[in-house]
Amino acid sequence: LPTSVVPSNDRLPWESAPVADSAPANVAAPERVDLGLESYRSALGMLRSRRFAESLVAFERFEQAHPQHPQVSSARYWRAELYYIQRQYSQARTAFQTYIGRYPNGPRVADALLKLSLCSSRLGNEREATAHMDRLRRDFPSSEAARLASREVNR
């Protein structure tokens, strides 16, 4: 029986010759994929799909894997919001406090103060709830969160 011989360049006899690696000079390099942003968007997509427990885990993983990513502050806020949505008010209160502490000038501080007040109220701490509402109205008087807070108080 004849034996088949594999060429020394590891190509089998029926395979075509390798293509040269060089690309034309005018072809741009492929864009770099931001894996952190992809991870963040995936977690946000789960939240939008109401897959709350999965979204919470995905945001936690995103923060662990990409601690310096620009979206970490948003992920931190959404984690707090997920606890609130699931009526885990104690965890939500802690998470909103952490968000405000780490990102005192963050884009969602007014919203976090509103939710912090609502968590405190649901946990039976009306004094704390009032203090957060007062801060919200004082520091962010024209915010949507302040308008929502006024409606909440007038109920």
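**View 1. The loop residue R50 in a predicted model.** R50 is exposed, with a relative accessible area of 65%; exposed means over 50% relative accessible area, buried under 20% and partly exposed in between, with a 1.4 Å probe and protein chains only. R50 lies in the loop between α1 (35–48) and α2. Helices here are DSSP runs of H or I with at least four residues, numbered from the N terminus. Although R50 is not a glycine, its phi is positive, at about 65°. Most residues other than glycine have a negative phi. This is a predicted model, in which local features need pLDDT of at least 70 and side-chain atom pairs count only at pLDDT 80 or more, while totals for chains, interfaces and linings use all residues. Residues are numbered from 1 along each chain as its sequence is written, and side-chain values use heavy atoms, with hydrogens and water left out.

**View 2. The loop residue R87.** R87 is placed in the loop between α3 (72–85) and α4 (89–102). Phi of R87 is positive, near 60°, and R87 is a residue other than glycine. R87 is exposed, its relative accessible area being 66%.

View 3. The side chains of R79 and E60 form a salt bridge, at 3.8 Å from N to O. R79 belongs to helix α3 and E60 to helix α2, so this pair ties together parts that are 19 residues apart in sequence. A salt bridge is a side-chain nitrogen of Lys or Arg within 4 Å of a carboxyl oxygen of Asp or Glu. By this rule the count comes to 10 salt bridges. R79 is buried, with a relative accessible area of 16%, whereas E60 is partly exposed at 24%. A network of salt bridges links E60, E63, R76 and R79.

**View 4. V57 in helix α2.** Helix α2 covers residues 52–65 and contains V57. V57 is partly exposed, at 34% relative accessible area. Between the C-alpha atoms of V57 and R79 there are 8.8 Å, and the two are 22 residues apart along the chain.

View 5. D134 and R137 meet through their side chains in a salt bridge of 3.9 Å, N to O. They are 3 residues apart in helix α6 (residues 126–139), so about one helical turn separates them. D134 is partly exposed at 41%, and R137 is partly exposed at 32%. R135 and D139 form a salt bridge of 3.3 Å, N to O. This pair is 4 residues apart in helix α6, again about one helical turn. R135 is partly exposed at 28%, as is D139 at 37%.

Note on methods: Helix = DSSP H or I, 4+ residues; strand = E, 2+ residues; numbered from the N terminus.
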